[in-house]
Amino acid sequence: MRIRPVAALAGALLGLSALVLPASGAQAAAHGRAPVVVGHRGAAAYAPENTLASVDAAHRLGIPWVENDVQRTKDGELVVLHDTSLARTTNVKKVFPDRSPWNVGDLTLREIEKLDAGSWFGAKFKGERVPTLEDYLDEVEHNGQRLLMELKNPELYPGIERQALRELRHDGWLDSEHLKRRLIVQSFNADAIKKVHRLNPAVKTGFLGNPPVADLPKYAAYCDQINPPHTAVTQAYVNAVHALRGPHHRRLELYTWTVDDAKAAVGSAGLGVDGVISNKPDVVRKALADAGH
């Protein structure tokens, strides 16, 4: 783990802020405060997604929460990338033309480290790399940010839940401060979230999707959040989620995605969502502030 001289200070300041800030987005919503704004894959509208540059872009915008996607290389290293294939967001086709379909799980970390993960987005990001989870955690920590971490396609990587928790612990992300205020682990795969909860019940978890209302009590046994696409969010659904308590005996939360325009942001906030995930978190934040949220 790379040690940053200001990381401890950033952590201390976050700890101090926690004394005056609400412990959860749900509590904030209950007191009429704005939903938490989360930068999707960093700040994906302004820098290549899931890179350290994207984390830093969110930081410069003053966005405290960032979201990412975690997968595993052929040689068992955890890296941050959304797609199963590296083809869309790197130059892997040029570097390894005979390795189609260029899946993350088919290349080693050393091979992936040779790839340019920035030029596809813009010339000024040339040379940006696919980060390891360790380096990503270090950057988020350095910036004093908070992390909504998605286990992407965990069915492709048996044991990734335990491995991800091990990496989080190694990098200092499973202490009381991070667990209470700075870390959420989510996935579209309910079994993966069940496993995370079983392995470490203290970790705050979220399920990505919109299960039927009748099934919500089952999810509440191991999920602190239900995180649906914004097009699926209704007032009745928000109310149904909020009517339940999660495994930490707090009201179940709802973070919605991916909201990139002012109208959708204000509409989501009006329904009482606890968080809004956005490629343009600054746009969402301004829209909510202008609307009095």
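This is a predicted model: local features need pLDDT of at least 70, side-chain atom pairs count only at pLDDT 80 or more; totals for chains, interfaces and linings use all residues.
**Two helix pairs**

Let's start with the helices. Helix α7 covers residues 160-170 and helix α9 covers residues 190-199; their axes come within 9 Å and cross at roughly 50°. Angles between 35 and 65 degrees fall in the oblique class, so α7 is oblique to α9. The crossing in which α7 passes α9 is right-handed. On the α7 side, the contact is made by E161, R162 and L165, and on the α9 side by A192, K195, V196 and L199. Sorted by class, the residues of this contact are four nonpolar and three charged, with no polar ones.

The second pair is made of α12 (residues 262-270) and α13 (residues 281-290). Which residues meet? From α12 they are A262, A265, V266 and A269, and from α13 they are V283, V284, A287 and L288. By class, this contact has eight nonpolar residues, with no polar and no charged ones.

| Helix pair | Axes come within | Crossing angle |
|---|---|---|
| α7 and α9 | 9 Å | roughly 50° |
| α12 and α13 | 9 Å | roughly 55° |

**Backbone spots to look at**

Now for the loops. Between α4 (92-95) and α5 (109-112) runs a loop that holds P101. The peptide bond joining S100 and P101 is cis, with omega about 10°. W102 lies in the loop between α4 and α5 as well. Although W102 is not a glycine, its phi is positive, at about 60°.

A cis peptide bond also leads from W257 to T258, where omega is near -25°. You will find T258 in the loop between β8 (255-256) and α12, and α12 is one of the helices in the second pair described above.

**A cavity inside**

How many cavities of 30 Å³ or more does the structure hold? There are two. The second largest cavity contains about 60 Å³ of space. Its lining is made up of 13 residues, and E49, T51, L81, T89 and A117 lie nearest the centre of this cavity. What classes does the lining of the second largest cavity have? Seven of its residues are nonpolar, four are polar and two are charged.

Definitions and conventions:
Residues are numbered from 1 along each chain as its sequence is written. Side-chain values use heavy atoms; hydrogens and water are left out. On a 1 Å grid over the protein atoms alone, a cavity is a set of points where a 1.4 Å probe fits but cannot get out, and a pocket is an open set with protein on both sides within 12 Å along at least five of seven lines; lining residues have an atom within 4 Å of a point. Grid points are joined across faces, edges and corners, and a volume is the space filled by probe spheres set on the points. Ala, Val, Leu, Ile, Met, Phe, Trp, Tyr, Cys and Pro count as nonpolar, Asp, Glu, Lys and Arg as charged, and the others, Gly among them, as polar. Axes are lines fitted to C-alpha atoms, for helices over the stretch in contact, and angles run from 0 to 180 degrees between N-to-C directions. Helices (H or I, at least four residues) and strands (E, at least two) are DSSP runs, numbered from the N terminus. Angles under 35 degrees count as roughly parallel, over 145 as roughly antiparallel, 65 to 115 as roughly perpendicular and the rest as oblique. A crossing is left-handed if the near helix is turned anticlockwise from the far one by less than a right angle, and right-handed if clockwise. Contact means heavy atoms within 4.5 Å.
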